[in-house]
Amino acid sequence: MINIFIIIGDKMETKQIDEFKVVGIEIETTVETCKDVMGKLWGDFLAKMSDIKNITGDKMYGVCTTTGECSFKYVAGIKVSEFEDVPGGMVSQTVAVDKFLEFKHVGTAQSMGETYNRIMEKDLPESNFKEKKIWIEEYGKDYNPESETAEMKIMVAVEEK
């Protein structure tokens, strides 16, 4: 597993992400139970994705909004140009312009917790930034959650300490 973040010189730098819209399926879960529900959530989303209108691009997103110390809402979704006829059982969410630190996870979906732990316990505390309430996972169209060489991005909205 590899964690990569944007570095210029000897410090972490942020990257601005422009506002975008996502349509997908939302759950509320906790850090302890998320492993038990994510596979089903993504399976349900992939089965219904063809019902979504105005898809832009081929990347999928996990948009995580912290709701408590260990709880969060998570939308498994895809970018759209506009919210039109959002399918039943799905939600729409706008991700606002913000500054993010970008990390890369290489490995299976099962090992993703290790990457998150490193970000939370080492990378963020050692940086000049503190997290905000939005985390974004970005998956390419060929992402395979069972592959040891699968790559995806984890982007954390941050502000300076």
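In this predicted model, the side chains of Lys122 and Glu126 meet in a salt bridge, with 2.9 Å from N to O. Lys122 is partly exposed at 33% relative accessibility, and Glu126 is exposed at 57%. The structure holds ten salt bridges.

Another of these joins Lys40 to Asp44, whose closest N and O atoms are 2.8 Å apart. Both residues belong to helix H1 and are separated by four residues, about one turn of the helix. Lys40 is exposed, with a relative accessible area of 58%, while Asp44 is partly exposed at 31%.

A further salt bridge pairs Glu138 with Lys153, at 3.5 Å between the closest N and O atoms. This pair links distant parts of the chain, since Glu138 sits in strand E9 and Lys153 in strand E10, 15 residues apart. Glu138 is buried, with a relative accessible area of 13%; Lys153 is partly exposed at 27%. Through shared partners, salt bridges join Lys59, Glu138 and Lys153 into one network.

The largest pocket has a volume of about 1100 Å³. It is lined by 32 residues, and those closest to its centre are Cys34, Met38, Met112, Tyr116 and Glu137. Helices H1 and H2 and strands E5, E6 and E9 each give two or more residues to the lining. By class, the lining has 18 nonpolar, seven polar and seven charged residues.

The whole structure contains zero disulfides. For Cys34, the nearest cysteine sulfur is that of Cys64, 8.5 Å away, whereas a disulfide requires the two sulfur atoms to be within 2.5 Å. Both cysteines are buried, Cys34 with a relative accessible area of 18% and Cys64 with 12%.

Conventions: Residues are numbered from 1 along each chain as its sequence is written. This is a predicted model: local features need pLDDT of at least 70, side-chain atom pairs count only at pLDDT 80 or more; totals for chains, interfaces and linings use all residues. Side-chain values use heavy atoms; hydrogens and water are left out. Buried means under 20% relative accessible area, exposed over 50%, partly exposed in between (1.4 Å probe, protein chains only). On a 1 Å grid over the protein atoms alone, a cavity is a set of points where a 1.4 Å probe fits but cannot get out, and a pocket is an open set with protein on both sides within 12 Å along at least five of seven lines; lining residues have an atom within 4 Å of a point. Grid points are joined across faces, edges and corners, and a volume is the space filled by probe spheres set on the points. Ala, Val, Leu, Ile, Met, Phe, Trp, Tyr, Cys and Pro count as nonpolar, Asp, Glu, Lys and Arg as charged, and the others, Gly among them, as polar. A salt bridge is a side-chain nitrogen of Lys or Arg within 4 Å of a carboxyl oxygen of Asp or Glu.
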